Amino acid sequence: MQANDTIAAIATGLGDSGIGIVRLSGPGALNVADKIFSAKDKRRPSQYKTYTLHYGWIKDPADKDGIVDEVLLTIMHAPRSYTREDVVEINCHGGLVAMRRVLDLTLENGCRLSRPGEFTMRAFLNGRI
């Protein structure tokens, strides 16, 4: 693990559900969100205040017109997040296909896949727990 890595993972259990969450944490979380999230209000995630929720779409930057999913995006700025890092949570449609595609886009745009327990480990190492 490197402190300057930005990590991502599916944060909800896999299975039948209406909503699934993909979580990002680290110094590049907002930058990754800027690349893949298109907000209805046309603002970029890095412009939003902390503890806010925003409606929009996840898009593949390689496919100019390709909407991957309709989502709600939650922004939590460091140090007032679970990991004490910038955190973005993408509330997308549940089920493996949508969540996996959203996760893949985060990995293609600057995140690396989190190891099991790594969000909690970061919270511990950063003095949160």
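These questions and answers concern a predicted model of a protein.

Student: How do you know whether the radius of gyration agrees with a compact globule?
Tutor: The radius is taken over C-alpha atoms, and the globule rule is 2.2 Å times the number of residues to the power 0.38. For 129 residues a compact globule would have a value near 14 Å; the protein has 14 Å, so the two agree.

Student: What makes up the secondary structure?
Tutor: Three helices and seven strands, where helices are DSSP runs of H or I with at least four residues and strands are runs of E with at least two, numbered from the N terminus. Their order along the sequence is β-β-α-β-β-β-β-α-β-α.

Student: Why is a set of residues called a nonpolar core?
Tutor: Because its members are buried Ala, Val, Leu, Ile, Met, Phe, Trp, Tyr and Cys residues joined through side-chain atoms within 4.5 Å. Buried means under 20% relative accessible area, with a 1.4 Å probe and protein chains only. The largest such core has 23 residues, and Phe-37 and Ile-90 are among those that touch the most other members. Helix α1 gives the most to this core, with five residues.

Student: What share of the residues is buried?
Tutor: Buried residues make up 43% of the 129.

Key: Residues numbered from 1 in each chain as written. Predicted model: local features only at pLDDT ≥ 70, side-chain atom pairs only at ≥ 80, totals over all residues. Heavy atoms only, no water. Buried < 20%, exposed > 50% of the residue type's maximum accessible area, 1.4 Å probe, protein only.
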